[in-house]
Amino acid sequence: MSEIKNVVRRLCILGATGSIGLSTLDVVRRHPERFDVVSLSAHSSVDTLLAQCIEFLPETVVMVSKPHAKELKQLLLDKDLGHINVLSGAEALEVISQDKSIDTVMAAIVGASGLMPTLAAVNAGKRVLLANKEALVTSGAIFIEAVKASGAQLIPIDSEHNAIFQCLPIEAQNTPGYCNLSENGISKILLTGSGGPFRTFSVEDLESVTVEQACAHPNWDMGQKISVDSATMMNKGLEFIEAKWLFNVEPEDIQVVLHPQSTIHSMVQYKDGSVIAQMGNPDMRTPIAHALSFPERIDSGVEPLDFFNTPSFEFQAVDYVKYPNLKLAIEACKNGQGACTALNAANEIAVDAFLNKKIKFTDIYKINETSVNKFVSEDVTSIDDVMNLDNRVREFTRNLLTQYDTQDISDNMNRDNH
Ligand code: NAD
Ligand code: MG
């Protein structure tokens, strides 16, 4: 243990300016003796990345958008921080994630854009803290094979998967993706979900919900895309697929349980009848701190759970009529990689259209279903196949959107709500 305590982790944080990135830096800030922030990335948030440069003094940053990178470079010069190397373009993300001078990568870019830099970190044998669930959904077995081949250490950040990881025996923790849970006495993975902001809404009410309502999660504060995914429960669907790959189980071995309080973050059921759960206040700094310091434990800044002022725990079965996207994702998981890659790409386009008020909340499912049905039997066995299918599905889905009423529907939605 004393050896582990002396390790200073050299970090690359992909998606540093997002919700997970900010929470990661909040944990890091509390332990300057344990972590060196070597590199950071953002898409185009100049002000946030500049503030992070001033505080954490990284060696290199990537600003994917070229004009924003130029702007950041000038601002760094003005602050006498011209020695910070500023790279731009999506390819630069792979440069920092596989760099020899770092040992740990926080993969916190949103969407399939996170796949290539996360895979580069895996191939370079890094310790990969995986928040970017879309990478695993999009590439499944290919991603896990890469983990196995390189000996990279994969630690889940998604609160449910991190909870499951914490409830597993050490042997299974050391081999995520290729552990044999049955041989370790496990009978089921119980994946919990709150049901999001519309759990108590009727199916009819969902027709007129707004972007603002969809993004107001009752328990978690997250980025916009995952907030909408939580409202449709596509997030739980993506997590279902993520769990299949991370824990090497079949869809029949995973059960989704609605737990509105988000206090139990997921559970593992053993053959002898024991159920081990991981609990805590809903704050991503807990799984982030766990993964950053594993196998040690460090302070995360999260308040301890107060059992005497915690609402009672409720559990419910999922209503798939209300959450058809979850059913679609579970079916995709059973149907194979083509369906999962297509599901993810279609959903990214559909959610973006909803966030831009081009389609209704309930259209997200219709678009996802049509796109998945079109590409369900595609063969996906290499990263080139993944990228090729991802592109074709995006194009198909964008064309599909033109059949919807693409004028700004926010006025209609607002009228419906008054
Ligand atoms: P966010 O939208 O708050 O942040 C996304 C980050 O990715 C930002 O730094 C942004 O600059 C960067 N980014 C966006 N598009 C990019 C692109 N095309 N290329 C490169 N960088 C890009 O998202 P978030 O909520 O922090 O989620 C990040 C990931 O973590 C997602 O995959 C999400 O599913 C997962 N996750 C998030 C939470 C949470 O509580 N927020 C919980 C579990 C899992
Ligand atoms: Mg989650």
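**Charges over rings.** I looked up Lys374 in this predicted model and found that it lies over the face of Phe375, at 6.0 Å from the ring centre. I then turned to Lys244, whose charged end sits over the ring of Trp245, 4.6 Å from the centre of that ring.

**Aromatic pairs.** I searched the whole structure for aromatic pairs and noted 5. I checked accessibility next: Phe198 is buried, with a relative accessible area of 2%, whereas Phe201 is partly exposed at 22%.

I returned to Phe375 and paired its ring with that of Phe396: the centres lie 5.5 Å apart and the planes stand at 85°, so this pair is edge-to-face. I located Phe375 in helix H16 (residues 363-375) and Phe396 in helix H17 (residues 383-401), 21 residues apart, and noted that the pair links distant parts of the chain. Phe375 counts as buried at 5% relative accessibility; Phe396, with a relative accessible area of 23%, is partly exposed.

I also recorded one aromatic cluster, formed by Phe198, Phe201, Phe354 and Phe361.

**Magnesium site.** I listed the donors of the magnesium ion (ligand 2) as Asp158 (OD), Glu160 (OE) and Glu239 (OE), at 2.1 to 2.2 Å. I wrote their spacing in sequence as D-x1-E-x78-E. I placed Asp158 in the loop between strand E7 (153-156) and helix H8 (159-166), and Glu239 in helix H12 (residues 234-247); this pair links distant parts of the chain, 81 residues apart. I found both Asp158 and Glu239 buried.

How values were computed: Residues are numbered from 1 along each chain as its sequence is written. Chains are lettered from A and ligands numbered from 1 in the order in which they are written. This is a predicted model: local features need pLDDT of at least 70, side-chain atom pairs count only at pLDDT 80 or more; totals for chains, interfaces and linings use all residues. Side-chain values use heavy atoms; hydrogens and water are left out. Donors are N, O and S atoms within 2.8 Å of the metal (3.2 Å for Na, K and Ca); water is not among the atoms, so sites may look incomplete. Helices (H or I, at least four residues) and strands (E, at least two) are DSSP runs, numbered from the N terminus. Buried means under 20% relative accessible area, exposed over 50%, partly exposed in between (1.4 Å probe, protein chains only). Rings of Phe, Tyr and Trp (its six-membered ring) pair if their centres lie within 6.5 Å; planes under 30 degrees apart count as stacked, over 60 as edge-to-face and the rest as tilted. A charge sits over a ring if NZ of Lys or CZ of Arg is within 6 Å of the ring centre and within 35 degrees of the ring normal.
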